[in-house]
Structure formats: structure tokens, C-alpha cells
Amino acid sequence: MSLPEVDVAGAARTRHPLRWVASIVLLVLAAQLVSLLVTNTNFQWDVVGRYVNAQIIGQGIFTTLLLTVIAMAVGVVLGVLLAIGRLSENPVARGACGLYVWFFRGTPVLVQLVLWYNLSYLLPEISFGIPFGPEFLSADTNVLITPLLAAILGLGLNEGAYMAEIIRGGLMSVDPGQTEAASALGMSNARTFRRIVLPQAMRFIIPPTGSQVISMLKATSLVSVIALADLLYTVQSIYNRTFQTIPLLIVACVWYLVITSVLYVGQSFIERHYARGATRNAPQSFWSFAAFRRRRPSEVTS
């Protein structure tokens, strides 16, 4: 059976009129947005410029970054322990870890923050000692649970539940046959985990962990409800006195965007490092994303 001849002399590129229509609509909307930002004096850009580098704003940024780092560290450590517990053959440990993940993922983090901040209502005094036995140390809950500690507990314990599922999913993504092969070669369980399982699992753990760091940075704004002087609370304390609400909120948005952009750059470099030689579709870098470049398949490195 012979194939019909195809005449390519009059071939032409496929036209996409809807793309042009969509582009024109987006450009018109963008022009309107720019006009609104420039001509609307209610934005008070002079106020934004005056406060964006203010020292008090810098103190709020420092508190936000400190809280992000500590809460993520607590979340990662708890996530590792919970992931190991959920993969354990011990039904009690597996059930307890599953219950922890169920509770902290099922309740809003704002509720948890308020609960920890008002822990003295349930426990006026916190004591340490042998269960049902003598106490070795006790402290007043109102003195012990400061706004910073309540924020760390609320954000860190909540993050631990999410990191547990991320780490568990990464560990389960490694083919069990590789651990069996390592065992057959006489490698110990610890060495197998460190040299075989973990490097491969990191490709699946790092990307969502980077997203969790960015989410944690934004979630720190919730601690303003417990009077912790983070970036948002600092901004609120200023506009409550000056009544310049919109300009001060713009200052907060600017700094959140700056910090998340820096985190996004770091995340893209780490993702590309762990994705080397593993996939043809390398993660898109931040610069490609910022330049609106299309994602292109990359060569597999040997």
C-alpha cells in the first residue's frame, strides 16, 4: 500500500488568533494596573519609601526570619522522627505518629497558636518529673510560655506533621530492591540509609521542603494575633498610630516578596543540584521563571 504524496510547497505555520487576543487583553489590564499604581495618590508612595528602610521594620523582619528558621528546624527534626515512626513495624509507634499527623494537619495553625499562648488556662503550672511520681522541676506557665515560645511551638509542631509526610513519601519513593541489594552486599542498615536511600530520597524531599520554607515565612504573619513583634505586627503597630494602613501594608508586602524571591532562588539551585542526571525535565530556574522563558527539556548528564 503506497502512501499519498504530501505537497509541502504551500506549508505555513499554524495561526493562533486566540493567543493574540489573550495577549492584547493582558497588556490592556497591565496598562490599567500601572496607571492605577501611578495616578492613585492614595497609595502614598512617599510614605512607603520612608518606612521601607525604617529600623523598626528591620527589627520585625529579623523576628520573622528568626521564627522561620527555628520553626522549620523544629519541623524538620520532628518530621524525620515521625516519618521513621510511621514506617516502623511497631504498631504502637506507627499509631501514635499517625495520630500526631492527623491532629496537627487537621486543625488550623492559628487555633494552635492561640491554644499554646493560652496554655496557662489549662495548666497553670508546668512540672517535670517521673509520671505519677515526684516532681524535679516546675515553673509558672505564664512565665514559661512567652509569645516567642508559643509561636515556635505552634508553627514548629504543625510543620512537623507536614514534613513527616514529605519525608515519608521521599523514603517510600526509593525502590526496596536497592536496600535488599545493599543488605546482600553486607552493608549495615545505617550505611544503607546514608549512602543509598537518603541521596535518592532527597530528590523528592527537597522541592516540597523548599516550598514549605516559603509557606512558613508567610505563616509567621499569624503570630501577630499573639502580640509577637514580627513584620506584620510591627507594621500594624505603626498604622494603628498613623492611620496609614495601605502604605504600611505595601511595605510588608514588598519585604515578603523580597525574602520569598531570595528563598526561591536558593530553592531552584538546590533542586537543580539534586535533579542532575535523574530527569530530562530539569527544574526551572528562578531567572528563567522571571524572564518568562518556557521550560525546555535538558540533556541527561552522565
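Predicted model: local features only at pLDDT ≥ 70, side-chain atom pairs only at ≥ 80, totals over all residues.
**Q244 and its neighbours**

I started at Q244, which touches Q44, V47, R50, Y51 and Y239, leaving out residues up to four places away in sequence; contact here means heavy atoms within 4.5 Å. Residues are numbered from 1 along each chain as its sequence is written, and side-chain values use heavy atoms, with hydrogens and water left out.

Q244 sits in the loop between helix 10 (231–242) and helix 11 (245–274). Helices (H or I, at least four residues) and strands (E, at least two) are DSSP runs, numbered from the N terminus. Is Q244 buried or exposed? Q244 counts as buried because its relative accessible area is 16%; the cut-offs are under 20% for buried, over 50% for exposed and partly exposed in between, with a 1.4 Å probe and protein chains only.

**Two positive phi values**

I then went to Q44, one of the contacts of Q244. Q44 is in the loop between helix 1 (17–39) and helix 2 (45–51), and I noted a positive phi of about 55° there, although Q44 is not a glycine. Most residues other than glycine have a negative phi. Q44 is partly exposed, because its relative accessibility is 28%.

A227 also went on my list: it is not a glycine and has a positive phi of about 65°. I found A227 in the loop between helix 9 and helix 10, partly exposed at a relative accessible area of 43%.

**Overall build**

I counted twelve helices and two strands. From the N terminus on, the order is α-α-α-α-α-β-β-α-α-α-α-α-α-α. Of the 302 residues, 32% count as buried. Among contacts with a separation of 6 or more, residues 24 or more positions apart account for 67%.

**Cores**

Next I looked up the nonpolar cores, meaning sets of buried Ala, Val, Leu, Ile, Met, Phe, Trp, Tyr and Cys residues joined through side-chain atoms within 4.5 Å. The largest has 25 residues, and L67, A151, L155, I167 and V223 have the most contacts inside it. Helix 3 (55–86), helix 5 (109–117), helix 7 (147–172) and helix 9 (189–219) each give two or more residues to this core. Which helix gives the most? That is helix 7, with eight residues.

A second, separate core has 19 residues, including I61, L232, V235 and A252.

I84 and I167 are 83 residues apart along the chain, with their C-alpha atoms separated by 8.8 Å. I84 is in helix 3 and is partly exposed, because its relative accessibility is 49%.

**Pockets**

For pockets I used a 1 Å grid over the protein atoms alone: a pocket is an open set of points with protein on both sides within 12 Å along at least five of seven lines, for a 1.4 Å probe, and lining residues have an atom within 4 Å of a point. Volume is the space filled by probe spheres set on the points, which are joined across faces, edges and corners.

The largest pocket holds about 460 Å³. Its lining has 18 residues, with L87, L171, T179, F193 and V197 nearest the centre. Helix 3, helix 7, helix 8 (176–184) and helix 9 each supply at least two lining residues, and helix 9 has the largest share, four residues. I get ten nonpolar, six polar and two charged residues in this lining; Ala, Val, Leu, Ile, Met, Phe, Trp, Tyr, Cys and Pro count as nonpolar, Asp, Glu, Lys and Arg as charged, and the others, Gly among them, as polar.

The second largest pocket has about 210 Å³, lined by R13, T14, R15, H16, R19, W20 and S23. That lining divides into one nonpolar, three polar and three charged.

**A182**

Last, I checked A182 in helix 8. A182 is buried, because its relative accessibility is 4%. A182 touches M187, T192 and I196, with residues up to four places away in sequence not counted. A182 and T192 are ten residues apart in sequence, and 6.3 Å apart in space, C-alpha to C-alpha.
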